[in-house]
Amino acid sequence: MKRKSMLLLALVLIVTAMPLAGFAETQRDKLVITATIEGNADAHDSMVEEAFQELMSEKLNREIEIQYTMIPSSDYATKTQLLLAVGDLTDFFQLPFLYDYTKPMEEGYFLELSQYRDQLDNYFNYIEQTSGGLASVMTAEGEVYIIAGIGLPRFPADRGMLPNNLTMYRADIFDKHGIPYPTTIDEMYEAAKQLKELYPDVYPINTRWNDLRSLFAANHTRNTVYWNGEEYVQGLFEEGYKEAIAFAQKLYVEGLLDPEYIIETDDTLKSKEMTDRTFIVMADWFTTPGEFTRLSETGQIFAAALMPDNPKYGTCWQSVDRVNEISRNGFYSAVIRSDVEDVEGLLEFLNTCYEEDVVELLNWGIEGVTYTVDADGNKAFVDEIMSAVDPWTAADAYGMRASRNKRPGLNLVDDSTAFVGLASDDWLIYDGEVHQEPIEKSPFYTSIPYPENEYMPPYFDEPQLQFTVEESQQISLITTAVDTCRDEWQASFVNGSLSMDQWDDYMNALNDAAEAGGGMDVLLEIYNAAAQRYLDNQSASE
């Protein structure tokens, strides 16, 4: 009896322990993640976001709660830089575009990631496949703080080119008056003069982003330090830069360039375009002309073309995206707060975000609801979305990454094929005609050889630079002073307040501004020393 009682007791303990162990396994502590992300307040309110959090909870075997702090793009840089200055960070924090994170890094606000390579192996595997490799996110000391956005290829490896900046022409206005579509900056000038005669109260030319990037590209230069294929140079001292400013001055003083170009916001420029107060936008985002054409209720046609050439310098350099390869998303970088409470849990979460089914969900949505898959494995968005007047807005009802306003998850991997799958018609100018077709499917753009073609700027393959803390501080000191000087003088030249005869005074002022941080030569020495370090490392690894 005693033996039987002991056996019965042991059996009870085993049976009782089994569900307890299972219960403990399924009841891991809730993972709460705070995240600061660029976007509108409702960017994560969607069916796909709900499905994402459910999928992640299932994969991690724990309840997930993501507390998003959303900041609109118009305010993002200003507000987040204030937070970064004092270390007031959420667990996951998207950095503002082109932000020099050296100071908050030095202050110890960010988690150093290379020590967690095993926990973030999916991320490291992706970044090592990009053209810049691990060096693109590594500091000069070999540390990694950045979680870079990853882009998956949308074009074949050897052909297809996607310029992210194009020039917009009002094709309906050009056609109405028989004005040829410009292919050079001089032809653009002549077209603007004709438009000014026809519409005296209109400034025919404007530009987005308050700059003259298309004119600098036409003259094979930039208005900053850039890689010329052999070394880093200061574009502000090049003849092409001077000629671009002189050309802009001619446009301005003849009433062809809108005097408000330097203060335009996306909204004010859009208002002018939609109300026939500008007919040429020298540099615009590549999808905007097609969007405006679809929005128009009066037959306006906003057509996009490659930025025009200056024959003196040859084919205009174009701003090209790396969509033929796994690439780093240059617009997106994030960090993790150094004192995050559950670092292991957050890293496990982030690493899981790179898994194929998660990437598919965030970019394409829910199979059978937002997209279908054919027998060959090809995905396509459902007819309800694709037959809409604006498929991107229709997709917002579900909220996948490829839609217009929704940003589910943490935007770590963009599947570019989803963007192509959702692409509506653009109105594109090439071969002297307007073609109605999505730019990503255009025979003209998809047939261009890659990466070697006449449109590529030398800085497309520039070295991946890592600066020491001291170098970054000196660069910041010099460039802040130089950029301030540049912006003031450049605006005064363009609006005619200064004569081009005063150009030497401008060059002297730039050098004087740079002296506060050690001088322009020192700036270039820092850049080229960092470039040489990168090239030496590349040679050593081959």
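Predicted model: local features only at pLDDT ≥ 70, side-chain atom pairs only at ≥ 80, totals over all residues.
Residues are numbered from 1 along each chain as its sequence is written, and side-chain values use heavy atoms, with hydrogens and water left out.

**Stop 1: the whole chain.** Switch to cartoon view and you will find 20 helices and 18 strands; these are DSSP runs numbered from the N terminus (helices are H or I, at least four residues; strands are E, at least two). Along the principal axes, the C-alpha atoms fill a box of roughly 110 × 60 × 40 Å. Now colour by burial: 53% of the 542 residues are buried (under 20% relative accessible area; exposed is over 50%, partly exposed in between; 1.4 Å probe, protein chains only).

**Stop 2: helix 18.** Select residues 469–494. This helix has 26 residues and spans 36 Å from first C-alpha to last, close to the expected 38 Å (1.5 Å times one less than its number of residues). Which of its residues are buried? Among them are Val 469, Ile 475, Ile 478, Val 482, Cys 485 and Phe 493, along with Glu 471 and Arg 486.

**Stop 3: aromatic rings.** Show Phe, Tyr and Trp side chains. The whole structure holds 32 aromatic pairs (ring centres within 6.5 Å, using the six-membered ring of Trp; planes under 30 degrees apart are stacked, over 60 edge-to-face, the rest tilted). Zoom in on Tyr 430 and Phe 444, a stacked pair at 4.8 Å centre to centre with 15° between the planes. The pair links distant parts of the chain, 14 residues apart: Tyr 430 belongs to strand 17 (residues 426–430) and Phe 444 to helix 17 (residues 443–446). Tyr 430 is buried, at 9% relative accessible area. Next, select Phe 216, Tyr 241, Trp 489, Phe 493, Trp 503 and Tyr 506, which ring pairs link into a cluster.

**Stop 4: charges over rings.** Finish with two lysines. The charged end of Lys 250 sits over the ring of Tyr 189, 4.1 Å from its centre (the criterion is NZ of Lys or CZ of Arg within 6 Å of the ring centre and within 35 degrees of the ring normal). Lys 196 places its charged end over the ring of Tyr 203, 4.7 Å from the centre.
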